[in-house]
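Colleague: I have a new model open on my screen and would like to talk it through with you. Could we begin with the overall fold and then move to the details?

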Amino acid sequence: MINRRFLRIKVLQALYAYLESGEDVTENGVKYLLESIDKMRDLFIWQLSFIIETKRFAENRIEENKHKNIPTFEDLNPNMRYVQNRVIIALENNKELAREEERLKINWADHQDIIRNYYVMMRNTEEYKAYMTEDVDNFEHDKKFIITMLTNYFSDLELLQDYYEEKSIFFVDDYHLVTSMLIKFFSDMKSTFGASTALPTIYRTENDRVNEDKEFVKKLFRDTLRYQDDYSKLIAENISNWEKERVCVIDMIIMKIAITELIHFEQIPVKVTMNEYIEISKYFSTPKSKIFINGILDRVSKKLLEEKVIVKKGLGLLDSK
């Protein structure tokens, strides 16, 4: 299952797009939201496929070098660590990923320039050189290298991002978000990951939680729109006129979504909601906005708790994280 924070971010993005577009049919916004969530997982699959393809490209390069007219010692005795990366091989052998690649018709054959661009860049990094020569050689070491490359370099892969832009407008919006998903996926990946291991889903699957998560995003989107005028007034009551003039659109939307969750989702603890949207604000707002949003949400939540507008069901829901 993908972390629910990613679903909250998709609601934020969909609400921003809806409000900026001037659309006035809520269900059109809901349809866009659900489609964007599906596309997020599609891009997740594309990126896993891309990582596998870089390993195949490296294998082909090794074979080509062996058949040079005058091969060097290194050509004949190549360092195989990257092409034998246990994490990538596990992905390559995964049956579900193979089915997903077929469903999405993923084929890198005509786009080897993109693969080559990444491979050449990767080989020139200090991280790659260290990975290929360090004494440590195990699954965790292989995994750490993949995470390092994702963290440090994937945001700069312009050729890859341009290619995805041609595939789907959703891919452009979600590129960096999916990179975060990949980092989490690999961080959680166990050495037991194999051919039959299920890939993470967007929605939880146990006990029909798929419907619960899907209803969560739809309700969060709808209720934020339905009560946004009320929330604007509530926020305005807790900030000065000077502050109000400086609040950007995205900060207002973040606070309105958070208030919606505080009021209308009885099973989600107050602290969970507060922490989630403060974390989200770190990525979509300025450092000062994060502090500002934290202060406003703290004031609003205390006011609504005192007035019993926020009512949580379950032991410890008001204070548990």
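Colleague: What share of the contacts in the chain with a separation of 6 or more comes from residues 24 or more positions apart?

Modeller: Residues 24 or more positions apart account for 81% of those contacts, where a contact means heavy atoms within 4.5 Å. Before we go further, this is a predicted model, in which local features need pLDDT of at least 70 and side-chain atom pairs count only at pLDDT 80 or more, while totals for chains, interfaces and linings use all residues. Residues are numbered from 1 along each chain as its sequence is written, and side-chain values use heavy atoms, with hydrogens and water left out.

Colleague: How many helices and strands are there, and what does the C-alpha trace span?

Modeller: The chain has 16 helices and zero strands, taken as DSSP runs numbered from the N terminus (H or I with at least four residues for helices, E with at least two for strands). Along its principal axes the C-alpha trace spans about 80 × 40 × 35 Å. Of the 321 residues, 47% count as buried, with buried meaning under 20% relative accessible area, exposed over 50% and partly exposed in between, for a 1.4 Å probe and protein chains only.

Colleague: Let's turn to helix packing. At what angle do α8 and α10 cross?

Modeller: Helix α8 (residues 139-153) and helix α10 (residues 169-188) cross at roughly 165°, and their axes come within 10 Å; the axes are lines fitted to C-alpha atoms, for helices over the stretch in contact, and angles run from 0 to 180 degrees between N-to-C directions. The two helices are therefore roughly antiparallel to each other, on a scale where under 35 degrees is roughly parallel, over 145 roughly antiparallel, 65 to 115 roughly perpendicular and the rest oblique.

Colleague: Which residues make that contact, and how do they divide by class?

Modeller: On the α8 side they are K143, I146, I147, L150 and T151, and on the α10 side T179, L182, I183, F186 and S187. They divide into six nonpolar, three polar and one charged, where Ala, Val, Leu, Ile, Met, Phe, Trp, Tyr, Cys and Pro count as nonpolar, Asp, Glu, Lys and Arg as charged, and the others, Gly among them, as polar.

Colleague: And how do α2 and α5 pack?

Modeller: Helix α2 (residues 26-66) and helix α5 (residues 95-103) pack at an angle of about 110° with their axes 10 Å apart, and they are therefore roughly perpendicular to each other. From α2, the residues R41, D42, I45, L48, S49 and I52 meet E96, L97, E100, E101 and R103 of α5. By class, this contact has four nonpolar, one polar and six charged residues.

Colleague: Switching to aromatics, how many pairs come out?

Modeller: The count comes to 23 aromatic pairs, with rings of Phe, Tyr and Trp (its six-membered ring) pairing if their centres lie within 6.5 Å, and planes under 30 degrees apart counting as stacked, over 60 as edge-to-face and the rest as tilted. One of them is F216 with F265, which is edge-to-face at 5.3 Å centre to centre and 70° between the planes. That pair links distant parts of the chain, 49 residues apart, with F216 in helix α11 (residues 209-226) and F265 in the loop between α14 (249-264) and α15 (270-284).

Colleague: Are F216 and F265 buried or exposed?

Modeller: F216 is buried, and F265 is buried too. Another pair, Y227 and Y231, is tilted, with 6.2 Å centre to centre and 40° between the planes; here Y227 counts as partly exposed at 28% relative accessibility, whereas Y231 counts as buried at 4%.

Colleague: Which residues form the aromatic cluster?

Modeller: W46, F50, W108, Y118, F154, Y163, Y164, F171 and Y175 form one aromatic cluster. Of these, F154 lies in the loop between α8 and α9 (158-167) and is buried, with a relative accessible area of 1%. Leaving aside neighbours within four places in sequence, F154 is in contact with Q47, F50, I51, Y118, M149, Q161, Y175 and T179.

Colleague: One last topic, the backbone: what is the phi of K105, and where is K105 found?

Modeller: K105 has a positive phi of about 55° although it is not a glycine, and K105 sits in the loop between α5 and α6 (112-123). Most residues other than glycine have a negative phi. K105 counts as exposed, at 69% relative accessibility. K308 also has a positive phi, of about 60°, without being a glycine, and K308 lies in the segment after α16 (287-306).
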